[in-house]
Amino acid sequence: MPEMRFLQSVSARLDGGVLVVTINNPPVNALSAHVRTGLIAALDHAADAPNIVGLVISGTGRTFIGGADIKEFGKPPVEPMLPTVIDRIEAFEKPIICAVNGVALGGGCEVVLACHGRIAGEAASFGLPEVKLGIVPGAGGTQRLPRLIGTVAAIDLIGTGRAVKADEAVTLGLADAIAADPLAAAIAAVRDNAGGALRRTGNIDVPAADPDAVSAAEAKVVARSRGQSAPAEAVRLVKAAGGLSLKQGLAEERATFLRLRDSEESAALRHVFFAERSAGKVETLADVAPRRIETVGVVGTGLMGSGIAVSALTSGYRVIALEQTPEAAESGRGRITGILDKAVQSKRLTAEGREACLARLEATAEIKALATADLVVEAVFDDLSVKTELFRRLDGVVAPGAILATNTSYLDPDAIATATADPSRVVGLHFFSPANVMRLVEVVDCARTAPDVLASALAFVKRLGKLAVVCGVTEGFVGNRIFSACRREAEFMLEDGALPQEIDAALEAYGFPMGIFAVNDMAGLEIAWARRKRLAATRDPAVRYVEIADRLCEAGRLGRKRGLGWYAYPNGARTVDPAVTAVIEAARVEKNIAPRAFTKDEIMTRLLKAMVEEGTALLAEGVAARPGDIDLVMINGYGFPAHKGGPMFSVRQNTEGTI
């Protein structure tokens, strides 16, 4: 029988009485209005056709249904709405089995839940990630999922937004079976169920759950949410499914979804979502092909270098790790192996994957080994002379087409590039520590970076599974420059009357995982101190400068690793130290500053203002391309709460005279 088409994105063919419906709406088979309309048309056709015994729903490519159509966000709703489509699927009189060929997320997972049977392909995955956009599932996810997998597991999946692969989905009861050919298996399942009683998810009773286990699952979700409201609302709805009829639960879910959709939190998270889609896109690179990168050299195997090496290894690259001596190279291999071992222990890597990574690793003290590298990333001490000397040496070793990347945090990569024979092959790759964990990489487009080198750097970062944000050259790039401005303002407030623990408490109440002084202690105070000493000769004496941090460093208080910094760390626990308060009070007396009290709101107003002003300057200078890029850097590199949208987004949401 010839193919039938229900609008442009939904087609069908008849296979022995089974209508095989296929969604083809690239790139992710989103549930656009035409897809929803096409599905209703296919259901109408099957309902009236006596020769059709049931339906299979599947998708093309590597995606079943990737969720809502982001192009419809913020626009007036278009009928049929997704709940209508899903209710029609569940209530259909003939069996509907989904063949989940790939990713089923959000509304796609809700379609899966409404079907009468679920066959997963080997590459299938399932998830309801709505909380990551500040909303809850709005088409039955919170009510149907607990009926299939129980309250505790549903709280975990919906409250965190995490996805599960096919094997876990079957174990949980979300999928019925895994098949190498899910389409064939689904067609057979339709025939097996034709004419029989159908298992409608909405008619299943929610399994009884241990109250203590439910409370523990809820506490875990709330603890992770750091002030976001959507996860707690999702948990409430999942718990309610056990005591409400499906109709009542769906009504409560929809009302909650609509309320959260219009919230500032959701607006912020949608801003972050769209910012991520734009990040790393450079118009001038549209037609530029990246160079081929198969072997990556990493110079330096300390905390940063070993993290970069692990990221490259787990992404399939061959890695040559260079150290100064054979002993240091062997120690570097040990650090890399240790990180891989932890990944196996946490089940983020299989034992076989670990062995494959180690087989692609060469740790050496011979710089000539880098002759085969397509990209070399330096992760040596952040000193200009050390880095420029290294790049001069690399000039005589690596192939002419190899790319040289500097991981400097504050130094001028243009100065480093100038020391090479070919500055066009130099690019900045500013990883954040630990590099195997942190998602952000600032990709620095230097003055003479060739377009294909920049394109190659972006492709490399993407293959690592990281978020690339392109920026121009300035001291500290985007993140450290804004962080420095924020730290400077925090130190001004120390002189004006606040204390480190008060400023940190305000940041943590706002949603940061740690306050700025606690972060400084964790990173170590000596790097910023060295930078301040380097800049001292050129500092404008008329510009306000706070010496409190310098005095702490001079007293040997260099941070957590020393047991003393802005705080004291007896037995590793962070505690307020009266000695620091005394240093601060002495600095105020020296400048004749009468201290005053600060509220948390006042502290955050000043800190956000400092961030926004520095971000605005970065945009004006062309260092940052978009406000959203700045927000992504601060969220992914410095802990700015994603549900607040980032500092540049925050400037749009002030309703009370603050930022």
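Q: What makes a set of residues a nonpolar core, and which members of the largest one touch the most other members?
A: A nonpolar core is a set of buried Ala, Val, Leu, Ile, Met, Phe, Trp, Tyr and Cys residues joined through side-chain atoms within 4.5 Å. The largest one here has 67 residues, and Phe-64, Ile-89, Phe-126, Leu-145 and Leu-174 touch the most other members. Its largest share, six residues, comes from helix 1 (residues 33-48). Apart from this core lies another, of 61 residues, with Ala-279, Val-580, Val-612 and Leu-618 among them. In soluble globular proteins, nonpolar side chains tend to be buried together.

Q: What kind of model is this, and how are its residues numbered?
A: The model is predicted: local features need pLDDT of at least 70 and side-chain atom pairs count only at pLDDT 80 or more, while totals for chains, interfaces and linings use all residues. Numbering starts from 1 along each chain as its sequence is written, and side-chain values use heavy atoms, with hydrogens and water left out.

Q: Why is Pro-423 called buried?
A: Buried means under 20% relative accessible area (exposed is over 50%, partly exposed in between, with a 1.4 Å probe and protein chains only). Pro-423 has 8% relative accessibility, so Pro-423 counts as buried. You will find Pro-423 in the loop between helix 16 (413-418) and strand 17 (426-431).

Q: What makes a residue a contact of Pro-423?
A: Contact means heavy atoms within 4.5 Å. Leaving aside neighbours within four places in sequence, Pro-423 is in contact with Ala-417, Thr-418, Arg-448 and Thr-449.

Q: Why does Ser-311 count as buried, and where is it?
A: The relative accessible area of Ser-311 is 5%, so the residue falls under the cut-off and is buried. Ser-311 belongs to helix 12 (residues 303-314). Not counting residues up to four places away in sequence, Ser-311 touches Ala-435, Asn-436, Leu-464 and Lys-466.

Q: How do you know which strands pair with strand 8?
A: Strands (E, at least two residues) and helices (H or I, at least four) are DSSP runs, numbered from the N terminus. Two strands pair if DSSP finds at least two bridges between them. Strand 6 (residues 96-100) is joined to strand 8 by four bridges, so these parallel strands pair. Here Ala-99 stands opposite Ile-119. Strand 11 (residues 177-179) pairs with strand 8 over three bridges, also in the parallel sense, and Ile-178 is the bridge partner of Ala-120.

Q: Are the two faces of strand 8 covered or uncovered?
A: Both are covered: Gly-117, Ile-119 and Gly-121 on one side, and Arg-118 and Ala-120 on the other, are all buried.
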